[in-house]
Amino acid sequence: MAYVLMSWASFIFLLCVSDLVSEQLRYSIPEELERGAFVGNIAEDMRLNVWELPTRKFRLISDDVKQYMEVNLENGFLIVNERIDREQVCSKSSACSLSFQVALNDPMEMYPVVVEILDVNDNSPSFPKREFYLQINELNAPGARFPLESARDPDVGTNTISTYQISPNEHFDIKVQTRRGGSKSAELLLKKSLDREQQSMFTLLLTAIDGGIPHRSGTAQLIINVMDGNDNAPIFDHEIYRATIVENVANGTLVIKINAADMDEGTNAEVTYSFTDHVSQSIRELFKLDPVTGEIRIQGALDFEEANVYEFDVQAVEHAPPGLAAHATVVVDVIDTNDNSPELQVTVVASAVREDVPPGTAIALISVTDSDSGEYGEVQCQIPGSIPFKIEKSLRNNYKLVTNGILDHELTPLYNISVSAWDGGSPPLSTSKLILVSVTDINDNTPSFTQSSYNVYLMENNTPGASVFAVSAFDADSNQNGDISYSILDHQKQAMSSSPYVSINSHNGNIYALCSFDYEQLKHFQVKVQAHDAGTPPLSSTAIVNFVILDQNDNAPVIVSPLTWNSSASVEIMPQSIYPGYLVTKVIATDEDSGQNARLSYQLLEVTDPGLFTVGLLTGEIRTTRAFRDQEIITKSLVLCVKDNGQPSLSSTATISFKIMPNATEKSFERTDEPRRWEYFSDLNSYLIVILGSTSFLFLITIICLVILKYRQSRNIAEDYTSTICCYSRRNSNDAFNGRQAANESLNYSGSVQTEGYRYTVCLSPESSKSDFLFLKPCHPTLPFNDVSVHDTNARN
């Protein structure tokens, strides 16, 4: 353990110093440190407080299968997580380091970290065999060299083999050669001529010593047999043969041809070429040496990335005993070709991002490497330019994938980002990888109805609880942000009501009627429907639904004039002096329905005298078709039917009775030259008539003004006058005139029945067409109604 303590002393300064160059942290530690050994204060070097490490999700990102390093989040120290064997991690490479990245969130920061692993002299040199046998002809002159098997040491640098030694003797010495790459090889040097007769065998101890502190060494026995042989040994043209070849040449390609000459003649001059014994098996698999011609050809696959130079020893051995040999070295330089595609290492930081993330948000870390050298190892990286992402270069061959625009989940919920890398070869080699980035939804779309307003036509007398309509809204968001619920905000009604007319299903938008509608009470109403999503905060929109109630023929016509009781009208009185076309009365009926359902028609069902009356189909006017005959009965009746135009049609009937009264004053009114036509009137009666006429006129004018003011929009004013029936008067024996005038009964029917497209103005005038006033003859109470007589005019006095 003494050399380990010395190594710690030599590297204690390196452990305490780290330098941050171009945002890179670098540390150096020796190999074989125990787990938990201190590497560096990474939190302090990154200028972070210890409490920020857990809050910012401090973590190490490494591509190695084993996690050799870890960070103590309590103190921010970078420590060894697993014992590191440099020879196992980096093999024979002169530089050995572990690379990883430190990631921080909020904001996103990346720091590359390199930990250099320093070699410790923990391996001793060793020979592949414990004993080596060497045959040397006694005729070899001093200065002859014989290659020896090299020892192996896994350590590198100063800790690998630095020299060879041999046990002291007078005939042999060791000559150490430094090969390309810094490795050492040993050759046995003949210092003094051999004499087989004096000593035929030498046993020497060969020692390989490394350059570590303290030194380590390995030994092997070297047994030399002195052979008796001819005078001359073969001699190569060159001590070192050099060749250059491209790494991707085909098998069988000639590398170089070696040649050795022997001054002897005959069989003593014939030589055979071969690899020396210490040439490794891997070189024998790559190169083939023709034993006769000395041609060295390729028989395996060369790889510049594995070895850029090959150095091995060859020999030429005589056929004749004792088989003298000559040795030479062959050095083959391998030229690199662009035979390696770039390698992409992608570390995804965020595989899912919200669609409202700002530009510059880090998505992934990309590391690009190429095993080729020179321009073949220079790589470039890019992604397609039509997506809202971009590549930012952080360090050499290190990139960050960040957002570079506005993301929209509704347009593109998932991105397959192809990252491509290519080298500087001609043609360039490239590679690519896909990075999947999911865009998560936010509630940024308001529900929208298919229409801003809807018109619903609903037949009256509908079934309560039935679905009458359905509204639909669409939300482009997904999941709960696109879940739509429906509600009714308020009811705009024409009729006063404390309860709503309709309800709505909050899930599917179906609208249900809560009551049975009556067109005669409610013709239309309006509701406002709201659609809102389940996002946070929720978004909503509204639409207007106009309900129009359609009429059904559910109301029968009602006769309003003349007044009826149990479908029978009061007795109508008409004079005996009627003429054809005489207006007896006008029947007025109403229907609460509308349109064709309120279009009324009139017809006579039964008449006591079928030829006397006729009724207008649309007007309801009952007129006479002929004059009244004296012998006819004085009481007439008819059954009138009023029906609408609905489907099915509804109707009402009424029985109307008429009474014919003889008009005794008719002839008096026809004789305009009668000198005593006013003899029945007294002065008081004249005054009363004037006052009554004036009052009636003023009252009529007032009524007309009020009607005009109230119904001035397309209303017709109907005036009905009343027939006046005068009762008979008597004179007493004292010549006192006790005039008894029958009470005037007036029936005024005025009104307007407004149906769909029809308007009627009715004026009832049952008086005689030939006179403005009708006076009946005085009669005795005991006499029949038609037995009247006219008193002598002298009775007036």
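Buried means under 20% relative accessible area. With that cut-off in hand, here are some close-up views of this predicted model.

**View 1. N140, a loop residue and its contacts.**
Let's start with N140, which sits in the loop between β9 (131-137) and β10 (145-147). Is N140 buried or exposed? Its relative accessibility is 13%, so N140 counts as buried. Which residues does N140 touch, once its neighbours within four places in sequence are set aside? The contacts are F146, L190, A233 and L324.

**View 2. Strand β24 and its two pairings, with β17 and with β23.**
Next, have a look at β24, the strand that spans residues 325-335. Strand β17 (residues 240-246) pairs with β24 in the parallel sense, over seven bridges. To find your place in this pairing, look for A243, which stands opposite V332 of β24. Strand β23 (residues 309-318) runs antiparallel to β24, and nine bridges join the two. Here a handy landmark is A316, with A326 of β24 opposite. In a regular strand, side chains alternate between the two faces of the sheet.

**View 3. The hairpin of β23 and β24.**
Now follow the chain from β23 into β24. How many residues lie between the strands of this hairpin? There are six, and G323 is the one to pick out here, with a positive phi near 70°.

**View 4. An open sheet of three strands.**
In what order do the strands of this sheet come? The order is β46-β50-β49, and the pairing is antiparallel. The edge strands, β46 (583-586) and β49 (613-615), each pair on one side only. From one strand to the next, the twist averages 20°. Three bridges connect β46 with β50 (residues 621-624), again in the antiparallel sense.

**View 5. A nonpolar patch on the surface.**
Our last stop is a patch formed by F699, I703, L706 and L709. Together these four residues have about 420 Å² of accessible area. How does I703 count in terms of accessibility? With a relative accessibility of 34%, I703 counts as partly exposed, because that class covers values between the 20% limit for buried and the 50% limit for exposed.

How values were computed. Residues numbered from 1 in each chain as written. Predicted model: local features only at pLDDT ≥ 70, side-chain atom pairs only at ≥ 80, totals over all residues. Heavy atoms only, no water. Patch = residues over 30% accessible without salt bridge, like charges linked within 9 Å, V, L, I, M, F, W, Y side chains within 5 Å. Areas by Shrake-Rupley, 256 points an atom, 1.4 Å probe, with all protein chains shown as cover. Salt bridge = Lys/Arg side-chain N within 4 Å of Asp/Glu carboxyl O. Buried < 20%, exposed > 50% of the residue type's maximum accessible area, 1.4 Å probe, protein only. Pairing = 2+ DSSP bridges. Helix = DSSP H or I, 4+ residues; strand = E, 2+ residues; numbered from the N terminus. Axes fitted to C-alpha atoms, helices over the stretch in contact; angles between N-to-C directions. Contact = heavy atoms within 4.5 Å.
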